[in-house]
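Reader: I have just opened this one and I am new to it. Could you walk me through what is there, a piece at a time?

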Amino acid sequence: AVEARRLTLMEQFGVAEARRAQAGDALVQAESVLSDADRASRAADHHASEARELRAGLEARLPLVAVLAAKLTGTACGGLAALVAAPAAPGRTALLVAIGLPAAGFLVPDALLEREARRRQRRLLAALPDALDLLAVSAGSGRGPAAGLEQLARAGEGPLAEELRLTVAELSCGVPLGAALRSLRARVPGSELATLVAAIERSRR
């Protein structure tokens, strides 16, 4: 009976060890999944901030590292504000304040970039009609599309002229016109700019 009891205890111990090993494996897998999700989230945030910088035209003046540093600073400031405000908030509002203020601080740089991107887009669109008129005059005088782009870049001001100057610089470095126009479309998405690019493409024919 004692031997049987000992064998039973050993079997139970073995089962417990196996379950503990399975739990450890599950924990490792869960940590791996969370780590992958965290990396994916950070990469998505990185690319989103980079896209906002590009649309805002600030990629040359404001490094992405500075944006990320601003987001961390905003989160820290929000956390400090939450430490002061959360104890004074009534009931469950304290939890919302403790979570919301750091999150708001993290998102403030993105909101500022998005506002600048919208402002730049409005200025760019406002310059398109004059650009199309100048391009039509240039094509009517028999000048090629590259010369028309160069004239637009020289004569204009603001974000559209800046983008066209980049396109002219690419052309001067030997980039084909089609590739330079695709690069322009990638930098400035939107159907409005597609009208200008289509006009340039028609002037090639």
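Author: Let us begin with a single residue in this predicted model: Ala104 is partly exposed, because its relative accessible area is 37%, a value that falls between the 20% and 50% cut-offs. Ala104 belongs to helix α3.

Reader: And how far apart are Ala104 and Gly74, in sequence and in space?

Author: Along the sequence Ala104 and Gly74 are 30 residues apart, while in space the distance from C-alpha to C-alpha is 7.8 Å.

Reader: Stepping back, how many helices and strands does the chain have?

Author: The chain has 7 helices and 0 strands, and reading from the N terminus the order of elements is α-α-α-α-α-α-α.

Reader: Where is the confidence lowest, and where is it highest?

Author: The lowest confidence in the chain is found in helix α1, residues 2-56, with a mean of 59, whereas helix α5, residues 159-172, has the highest, at 86. Over the chain the average pLDDT is 75, and 68% of the residues score at least 70.

Reader: Good to know. Back to α3, then: is Asp110 buried or exposed?

Author: Asp110, which lies in helix α3, residues 93-140, is buried, because its relative accessible area is 7%, and anything under 20% counts as buried.

Reader: Which side chain does Asp110 join in a polar contact?

Author: The side chain of Asp110 is joined to that of Lys71 by a polar contact of 3.0 Å.

Reader: Let me jump to α4. Which residues are buried there?

Author: In helix α4, which covers residues 145-155, the buried residues are Pro145, Gly148, Leu149, Leu152 and Ala153. They sit on the same side of α4, because the arc they cover around the axis is only 135°.

Reader: What does the face of α4 turned away from the buried side carry?

Author: That face of α4 carries Arg154 and Ala155, both of which are exposed.

Reader: Moving along, where is Glu157?

Author: Glu157 is placed in the loop between α4 and α5, and it counts as exposed because its relative accessibility is 73%, with the cut-off for exposed set at over 50%. Glu157 and Leu124 are 33 residues apart along the chain, and their C-alpha atoms are separated by 9.6 Å.

Reader: What about Thr167, buried or exposed?

Author: Thr167 has its place in helix α5 and counts as buried, at 0% relative accessibility. Leaving aside neighbours within four places in sequence, Thr167 is in contact with Leu149, Ala180, Leu184 and Arg187.

Reader: Last one, for the chain as a whole: what share of the residues count as buried, and what is the accessible surface?

Author: The chain has 205 residues, of which 25% count as buried. Its accessible surface comes to about 13,000 Å², and 64% of that belongs to carbon and sulfur atoms. Looking at contacts in the chain with a separation of 6 or more, one finds that 55% are accounted for by residues 24 or more positions apart.

Note on methods:
Residues numbered from 1 in each chain as written. Predicted model: local features only at pLDDT ≥ 70, side-chain atom pairs only at ≥ 80, totals over all residues. Heavy atoms only, no water. pLDDT = per-residue confidence, 0-100. Helix = DSSP H or I, 4+ residues; strand = E, 2+ residues; numbered from the N terminus. Buried < 20%, exposed > 50% of the residue type's maximum accessible area, 1.4 Å probe, protein only. Polar contact = N/O pair within 3.5 Å; in protein donor to acceptor, adjacent residues only side chain to side chain. Arc of directions from axis to C-beta. Contact = heavy atoms within 4.5 Å. Areas by Shrake-Rupley, 256 points an atom, 1.4 Å probe, with all protein chains shown as cover.
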